[in-house]
Each structure stands twice: as C-alpha cells, then as structure tokens.
Amino acid sequence: MASPRAVEFLPRGSKTFTTVPEVFFIPEFVFGGLVWILVASTHVYPDNPLGWVMFVSVFCFVMTTIFFFFFILGHNQRKFWNSLDVGYHFVAVVLYLSASVILAYITLLKGWGMTIAPGNLIVNVLTSDLLKIYRLDIAAVVMSYLATLLYFLHAIFSARRWHKSR
C-alpha cells in the first residue's frame, strides 16, 4: 500500500523572499529590466532581431511580475502551480537564450563596424556615438546572459520541487 504524501504547497507572502527558487524573482526583475532598458536606450537597429530581444525581455518581465504577485498574495496554492512554475521558467530560459545569442551576434557585428541591412552588410566607422551604443549593447549582452542563468537556476530548483511533490 502506498503511503500518502503530504501535499507540498508553494511559499506565499513573506516566505517568497526567503525560499529557493523564489528568491530568484528579484534578480530576474533587475537583470531582465536592465536588458529591456539597455536595448531600448540604443538605436534598435536592425529591427528584426533586436525586436525579438525586446519582445523576450518585456514578455518575461511582465510574466515574472505576474508570477511574483501571485506568490506574494498566496494565489499559488493549487496543485497545478508547481507544473506552471516549472513550465514557465523553462520557456523563459529558451526565450532568453535565443535572445542572448542574437544580441551577442548583433553586438559583435557592431564591434567590427558592421551593420545588417535588408539584403546587404554595411560597414561603418566606429565614431564616438556608435562606440557608446556598442558599449551599451555589451552591457545588455552581459545582463541578458545573467538573466538567462537566473531563469535557468529558477527552472532547475522549481523542477526539483515539482518532482518531490509528485
């Protein structure tokens, strides 16, 4: 006969600030918000790949905010929240990793003085304005990879908790 397990609920209220993986919510806000701010503060050019980076950073920032408030307010006490937490954070890892790689590639091209235009490659001289944008892009790449790492750690610890609660 199988022994019944006690249902392990997710933390709520102030415990959200002290338990792993929920302790990663605040750094995810900070680094995800910095990616959003740094990319938006530069010239979002080329539109297509950097538009994806902006979408990912804004989407994950908003969804993490919603998750965080659900945890703080204690609306996460149903059984499906463990699965939802794991699923969202793994999706966020995939999205942020794809955005980080794209952002790093575009930044590398800018460092070489190249820009992708529709149909061709344009070579520019790095003036002081372009150098400032390049440095902001480097900071955005670093923050993007840090956000990816934080979402990955959150996903792993959430998956461990989900596996224990099954």
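Q: Which element gives the largest share of the lining of the second largest pocket?

A: Rolling a probe the size of a water molecule over the atoms shows where empty space is left. Here α4 provides the largest share of that lining, three residues. (Helices, H or I of at least four residues, and strands, E of at least two, are DSSP runs numbered from the N terminus. A pocket is an open set of points on a 1 Å grid where a 1.4 Å probe fits, with protein on both sides within 12 Å along at least five of seven lines; lining residues have an atom within 4 Å of a point.) Bear in mind that this is a predicted model: local features need pLDDT of at least 70, side-chain pairs 80 or more, while totals for linings use all residues. Numbering starts from 1 along each chain, and side-chain values use heavy atoms, without hydrogens or water.

Q: Which residues line the second largest pocket?

A: Among them are His 43, Tyr 45, Lys 110, Met 114, Asn 124, Leu 130 and Tyr 134. Both β1 (114–117) and α4 give two or more residues to this lining.

Q: Which salt bridge does Lys 110 form?

A: Side chains of opposite charge can pair when their charged atoms come close. Lys 110 pairs with Asp 137, closest N and O atoms 2.7 Å apart (cut-off: Lys or Arg side-chain nitrogen within 4 Å of an Asp or Glu carboxyl oxygen). That joins α3 to α4, 27 residues apart.

Q: Which residues are linked in a network of salt bridges?

A: Glu 22, Asp 85 and Arg 161. Arg 161 sits 2.8 Å from Glu 22 by closest N and O atoms, and 2.9 Å from Asp 85.
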